Amino acid sequence: IGGILRNIGTNASLGEGDFFVAEADESDGSFLFYRPKYSIITNMDHGHLDYYKNFQNVIASFKKFAARTQKDGCVFGCYDDLILANILKEYKGRYLLFGLKKGADIYPKNIAIKGLSSEFDGYFKNKFIDRFHLALGGTHNISNALSVIALGLELKIELKVIKKALASYKGAGRRLEIKFHNQDCLVIDDYAHHPTEIRATLSAVKNLKSRRIIAVFQPHRYTRTKLLLDEFSRSFDLADYVIITDIYPAGELPIEGINGRRIQEKIKERALNKNILFLPKGKIIEHILEIKKPGDLIITLGAGDIVKACDELVGRIKR
């Protein structure tokens, strides 16, 4: 897995079962070396365009990935991703659609988001399966859970085993990871660095009602920032106070005119009455300590080293 799983404290584990499970990474096309019996595709997005150049190449690559699934297996695709759902309509092998809306092969009803956990009734082929509990919040996590419920049923795994696994799964590190929590303040860190991820993460924390959301975002890569500038400007609507900092280059050379301030300016154009600031990373902590109010939710977002600022902030708050 491309992250540390909280349940086991590492990103890989060798068990004694019959199944080998791997996260496939589309960022450099390497997922096209796989020949899986079962494939889960959660979504397609305008990501990694530094490699793919345009979205049509992304679509073509996912078509190839689906086609590499073994014919006696199955592809599980997200019904809510219209482009992905249309790709699977052309797929010659067997596939099942999971999603949040009725019309998918497996979908939820009676969703209850309880802070950063959730529960829902699962329906497969319009028949009630059972009620499922997740130790994770956010509708994106419910969608992900539906995909593995469908896979579990396909593999004839006992329902009680599926339910227990989902209820006890704590997620990956830096995914809605609570760093500090008391009556005065909640600090969360999240790896979200793509516009879709940012929207999903902020939607999840919005369920923690009556808190002001202070979002601190460190953009990741100059190329991604340039290609998705307009999308980033629409990603922070659910935050009440937004701080943008310098781009984490991830080995890239700077691109003239592309920086964190550009994102801040773009967001400000859409939300004139919202607090949208650009701050160098070294000034973020002092600023948050100045503006912080009782009950605030502070969330750091990004795939770079913004987590270090988050940890330092928590240390200052504790002191």
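Helix α10 passes helix α11 in a right-handed crossing, where right-handed means that the near helix is turned clockwise from the far one by less than a right angle. This is a predicted model, in which local features need pLDDT of at least 70 and side-chain atom pairs count only at pLDDT 80 or more, while totals for chains, interfaces and linings use all residues. Residues are numbered from 1 along each chain as its sequence is written, and side-chain values use heavy atoms, with hydrogens and water left out.

**Helix pair α10 and α11**
- α10 covers residues 281–291 and α11 covers residues 306–318; they pack at about 35 degrees with axes 10 Å apart. Axes are lines fitted to C-alpha atoms, for helices over the stretch in contact, and angles run from 0 to 180 degrees between N-to-C directions.
- On the α10 side the contact (heavy atoms within 4.5 Å) uses K281, I284, I285, E286, I288 and L289. On the α11 side it uses I306, A309, E312, L313, R316 and I317.
- By class, this contact has 8 nonpolar, no polar and 4 charged residues. Nonpolar covers Ala, Val, Leu, Ile, Met, Phe, Trp, Tyr, Cys and Pro; charged covers Asp, Glu, Lys and Arg; the others, Gly among them, are polar.

**Overall build**
- The protein has 11 helices and 12 strands; helices (H or I, at least four residues) and strands (E, at least two) are DSSP runs, numbered from the N terminus.
- The radius of gyration is 20 Å, close to the 20 Å that the globule rule gives for 319 residues, so the protein is as compact as a globular protein of that length. The radius is taken over C-alpha atoms, and the rule is 2.2 Å times the number of residues to the power 0.38.
- Along the principal axes, the C-alpha atoms fill a box of roughly 60 × 45 × 40 Å.
- Buried residues make up 46% of the 319; buried means under 20% relative accessible area, exposed over 50%, and partly exposed in between (1.4 Å probe, protein chains only).

**Six-stranded sheet**
- An open sheet with mixed pairing holds 6 strands in the order β7-β8-β12-β9-β10-β11; two strands pair if DSSP finds at least two bridges between them.
- β7 (177–181) and β11 (275–278) are at the edges with a single partner strand each, so one side of each has no neighbour in the sheet.
- β9 (residues 213–217) and β12 (residues 296–301) run parallel and are joined by 5 bridges. V216 has T300 in β12 as its bridge partner.
- α9 packs on the sheet and touches β9, β10 and β11; its direction makes about 165 degrees with that of β11.

- β4 (residues 106–114) and β5 (residues 117–124) run antiparallel, joined by 7 bridges, and Y107 stands opposite Y123 in β5.
- The two strands form a hairpin with 2 residues between them, and G115 in the turn has a positive phi of about 65 degrees.
- G137, in the loop between β6 (127–134) and α4 (139–154), is buried at 2% relative accessible area. Not counting residues up to four places away in sequence, G137 touches G115, L116, S117, S118, L176 and A204.

- Most residues other than glycine have a negative phi.
- K125, in the loop between β5 and β6, has a positive phi near 55 degrees and is partly exposed at 47% relative accessible area.
- A250, in the loop between β10 (241–244) and α9 (260–270), has a positive phi of about 50 degrees and is partly exposed at 31% relative accessibility.
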